[in-house]
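Here are a few notes to read alongside the model.

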Amino acid sequence: MPKPSDEALQASQDAPEQYDGGGGTRWRRFALIAVPGLTAAAVLGGMTTQGLLAASFAVSGDSFKMSADQLTGQGFTQYGDVAESVDGSGRAVGLSTVNTADLENLCMSSLWDLGIGEATLVITAGETDPVHGTDLVLDLEQLRGNAEFDQIEIGRDASTLDKAEGGQGPAGGFGLQADEIRVADVELTTWAVTSGSLRLSGLNLAVLPGNHECF
């Protein structure tokens, strides 16, 4: 999976080759956000409707990208919701909650359009020891990878989801959940991420001129 190299994080201004994620939809390679029914009407600002995380904030006007070699999570739920920005506009998201998650070789990037040209905020961590998060909540626009689930339930009423703490949605909404989720070659686009705790081993943060997104 392409990620900014050490040289790029130091000084490079050349944009990396972009990943082409095309291909057919299969059970083990798909976008979770594509599951039908993920447009419920409740408004979310980076938190679950009834969740334990009290991080209520308006999302920025830009999504950002995350990639990882492997994501392993215990206790996973997802349902449709709306992320609201400061200008009052909303966007449909797949609100995903994970009790505990480990991510190997994590990359996060946000592309900025500045007055002097493009620049990219790049955060990398977990190359040797996985990034570890608890009570992780993601406002997903798209997720791609090779996925496996343990004890998955698809189409369960969102208000009855019980695999992740605080991961319940509105009554009548479409939901899915699993005891465990494992995704290899993760590529996701999200509007917001909150976490009860987040340990980033080997953290490296850089602002690079040009386009250096994770994929």
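1. R182 is partly exposed, with a relative accessible area of 22%. On this scale buried means under 20% relative accessible area, exposed over 50%, and partly exposed in between (1.4 Å probe, protein chains only). Keep in mind that this is a predicted model: local features need pLDDT of at least 70, side-chain atom pairs count only at pLDDT 80 or more, and totals for chains, interfaces and linings use all residues. Residues are numbered from 1 along each chain as its sequence is written, and side-chain values use heavy atoms, with hydrogens and water left out.

2. What does R182 pair with? It forms a salt bridge with D150, the closest N and O atoms being 3.1 Å apart. That pair links distant parts of the chain, with R182 in strand 8 and D150 in strand 6, 32 residues apart. (A salt bridge here is a side-chain nitrogen of Lys or Arg within 4 Å of a carboxyl oxygen of Asp or Glu; strands are DSSP runs of E, at least two residues, numbered from the N terminus.) D150 is partly exposed too, at 28% relative accessibility.

3. R182 also meets E180 in a salt bridge, at 3.0 Å from N to O. E180 counts as buried, at 17% relative accessibility. Together with E148, the residues D150, E180 and R182 are linked in a network of salt bridges.

4. Elsewhere, R156 bridges to D162, with the closest N and O atoms 3.5 Å apart. R156 is partly exposed at 25%. The total count comes to seven salt bridges.

Definitions and conventions. Helices (H or I, at least four residues) and strands (E, at least two) are DSSP runs, numbered from the N terminus.
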